[in-house]
Every structure is written in C-alpha cells, then in structure tokens.
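Hi everyone, thanks for coming. Let me put the structure up, and then we can walk through it together.

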Amino acid sequence: KYFTYYTIEKGDNLYEISRKYNINPKLLAAMNGIEDNEYIYPGQELMIPKSGYSYYITGDGDTLKGVADAFRTDVDKLTNFNKTIYLLPDQILVYKDGR
C-alpha cells in the first residue's frame, strides 16, 4: 500500500535507484535495513516508498509526540494511520502528506 518493490539488476547502485525514485539514498538504505555504502546484489528486492507519503524511521528515545510533530500532525491522527507503533529503533512509520 505505501511501498512498491524494485528488484536489483546487475550494475545497479543505491544512488542511481534513489535518483530514479526521487528518494534520499540514506533513507532508501535505512528503510531496507542496509548501510548506504553496502553492496547490493542482483535479485535483491528493495522496498521503495510511494510518493504522497512521508516516512519516519524511529530511533532510541523517540516519543509519539515527537514523531507526530515531525509529521506535523497530532498523536491521534498518527496512531490512526499506523495501527501498530512500537517505538523500537528502526520501525518505519508512514503518514499521508497533507492529511
């Protein structure tokens, strides 16, 4: 729903893939649980965020209020949009832009 998938082909790199999909390479890497300078290989599948949504990757010490503020929304709307929020490091939270 919030992501599409891309299968890596020979010669691909994160920088080129991120340019193709207009996403920051560091965010693309983090969303896929890899480092931005890590080797990627043909056949590997990457999760690509769809446009029209904002994404947040949780870190140590994050709070619902802090994440809601980052999305410029309130906690109720954030929790309605993301049915399960653990606030553990590396959870991807999504919010519809302009909502």
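Of this protein's 99 residues, 32% count as buried, where buried means under 20% relative accessible area, exposed means over 50%, and partly exposed is in between, using a 1.4 Å probe and protein chains only. Please keep in mind that this is a predicted model: local features need pLDDT of at least 70, side-chain atom pairs count only at pLDDT 80 or more, and totals for chains, interfaces and linings use all residues. Residues are numbered from 1 along each chain as its sequence is written, and side-chain values use heavy atoms, with hydrogens and water left out.

What is the protein built from? There are four helices and four strands, arranged along the sequence as β-α-α-β-β-α-α-β. Helices here are DSSP runs of H or I with at least four residues, strands are runs of E with at least two, and both are numbered from the N terminus.

As for overall dimensions, the C-alpha atoms fill a box of roughly 45 × 25 × 20 Å along the principal axes. Now to contacts, meaning heavy atoms within 4.5 Å. Among those between residues at least 6 apart in sequence, 56% join residues at least 24 apart.

Is Ala70 buried, partly exposed or exposed? Its relative accessible area is 47%, so Ala70 is partly exposed. Ala70 is also 14 residues from Tyr56 in sequence, and their C-alpha atoms are 8.2 Å apart in space.
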